[in-house]
Amino acid sequence: MDFLRPASWEEALAAKAEHPTAVPIAGGTDVMVEINFDHRRPEYLLDLNRIGELSEWEVGQESVRLGASVPYSSIMEHLRAELPGLALASHTVASPQIRNRGGVGGNLGTASPAGDAHPALLAADCEVEAESVRGTRLIPIDAFYTGVKRNALEPDELIRAVHIRKADGPQQYSKVGTRNAMVIAVCAFGIALHPETRTVRTGIGSAAPTPVRAKAAEDFLNAALEEGGFWENGKIITPAIAKQFAALASGACNPIDDVRGTAKYRRHAVGIMARRTLGWTWEQYRGAGRTLEGAA
Ligand SMILES: Cc1cc2nc3c(=O)[nH]c(=O)nc-3n(C[C@H](O)[C@H](O)[C@H](O)COP(=O)(O)OP(=O)(O)OC[C@H]3O[C@@H](n4cnc5c(N)ncnc54)[C@H](O)[C@@H]3O)c2cc1C
């Protein structure tokens, strides 16, 4: 196995163009497990750790440009206000050691349906900045996950950053696991209220071949909130609306039975998490979070 150590982003892109089968390594918390267990024996490892800019972020007017290798611990420490859903999801990843090494670029590279960043990214809305020597493109998160542990990257492309829409309302993340830490999600749910556009977005983890949004649940809720003038009047969401939202979120799942849980349990748990996280975020919105004109 050859170890490629580019000193700059340009060198990394050139190395990936020359060796498209080279496996990038950032924190190594997925890659090294696969190598240690002999699940993968790449011809080349492409070490991204000398490229400092991958561990940096910029907070803009509308979005945060998060370098691919920014570790979860930095997101938790520095970006809680701008990216609350992702910060909450980061809290649930593994242990402090893993959170100091692993980041969102690696989670996206692995594209496991159980990765904790995905539901938060889907709910917040973001674009993945992918680059090769051929140029840069922004991949909408909805188009990024293409199959079980598959993503939309071309063989010569690397993830440089993720452009995540800054929170304009409350966000939540909920995860079911067999214990409170160091655990892969049995299933997970992310939700983001977007008062500026009067929409709610969601993300489901570990309950379908890829991370998915509960689109029918979102459409139903968005219409119900609009119709009832909820964004303006800040009324409590009725139990009937919350129940239907939960049922539709459950219906968005396409899970399997495996060692972590049954398909039936996952559908049930996603419905519960959808109802609870909607309640939490809406309560927050009704309180300090409500910023729209006319809100009383
Ligand atoms: C003990 C343990 C517990 C864990 N618990 C959790 C958990 O609770 N939740 C969770 O979501 N994950 C968990 N993981 C998995 C892992 O920590 C995460 O997926 C993490 O986000 C990976 O980031 P990394 O930087 O270490 O990626 P790496 O291992 O370096 O890379 C992961 C994949 O992404 C690719 N890649 C990395 N950077 C780039 C880039 N810039 N461009 C293109 N491709 C790239 C790599 O080639 C590889 O395919 C756990 C891992 C371990 C070992």
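The model is predicted.

- Arg198 sits in the loop between S12 and S13.
- Its backbone has a positive phi of about 50°, although Arg198 is not a glycine.
- Most residues other than glycine have a negative phi.
- Arg198 also forms a salt bridge with Glu226, and the closest N and O atoms of the two are 3.2 Å apart.
- This pair links distant parts of the chain: Arg198 is in the loop between strand S12 (187-194) and strand S13 (199-205), while Glu226 is in helix H8 (residues 215-227), 28 residues apart.
- Glu226 has 40% relative accessibility and therefore counts as partly exposed.

- Ser206 is not a glycine either, yet has a positive phi of about 65°.
- Ser206 is placed in the loop between S13 and H8.
- With 7% relative accessibility, Ser206 counts as buried, because the cut-off is under 20%.

**Other salt bridges**

- Searching the whole structure gives 20 salt bridges.
- Side chains of opposite charge can pair when their charged atoms come close.
- Glu157 forms a salt bridge with Arg137, with 2.7 Å between the closest N and O atoms.
- This pair, too, links distant parts of the chain: Glu157 lies in the loop between strand S9 (150-151) and S10, and Arg137 in strand S7 (residues 135-140), 20 residues apart.
- Glu157 has a relative accessible area of 5% and is therefore buried, whereas Arg137, at 32% relative accessibility, counts as partly exposed.
- Asp38 and Arg41 form a salt bridge whose closest N and O atoms are 3.1 Å apart.
- Both Asp38 and Arg41 are exposed.
- A network of salt bridges links Asp125, Asp142, Arg165, Arg201, Arg213 and Glu218.

**Ligand site**

- The ligand is surrounded by 32 residues, and the closest are Pro24, Thr29, Asp30, Tyr72 and Asp116.
- By class, this shell has 17 nonpolar, 11 polar and 4 charged residues.
- Strand S2 (23-25), helix H2 (31-36), helix H6 (104-110) and strand S10 (158-165) each supply at least two residues of the shell.
- H6 gives the largest share of the shell, 4 residues.
- Pro24 has a backbone N or O atom 2.6 Å from an oxygen atom of the ligand.
- Ala94 has a polar backbone atom 3.0 Å from an oxygen atom of the ligand.
- Asn107 brings a polar side-chain atom to 2.9 Å from an oxygen atom of the ligand.
- On its own the ligand has 980 Å² of accessible area, and the protein covers 88% of this.

**Helix H10**

- Helix H10 (residues 239-251) has 13 residues, so at 1.5 Å a residue it should span 18 Å.
- The end C-alpha atoms of H10 are 18 Å apart, which agrees with that span.
- The buried residues of H10 are Ile241, Ala242, Phe245, Ala246, Ala249 and Ser250.

Conventions:
Residues numbered from 1 in each chain as written. Predicted model: local features only at pLDDT ≥ 70, side-chain atom pairs only at ≥ 80, totals over all residues. Heavy atoms only, no water. Expected span 1.5 Å × (residues − 1). Buried < 20%, exposed > 50% of the residue type's maximum accessible area, 1.4 Å probe, protein only. Near = heavy atom within 4 Å. Polar contact = N/O pair within 3.5 Å; in protein donor to acceptor, adjacent residues only side chain to side chain. Areas by Shrake-Rupley, 256 points an atom, 1.4 Å probe, with all protein chains shown as cover. Nonpolar A, V, L, I, M, F, W, Y, C, P; charged D, E, K, R; others polar. Salt bridge = Lys/Arg side-chain N within 4 Å of Asp/Glu carboxyl O.
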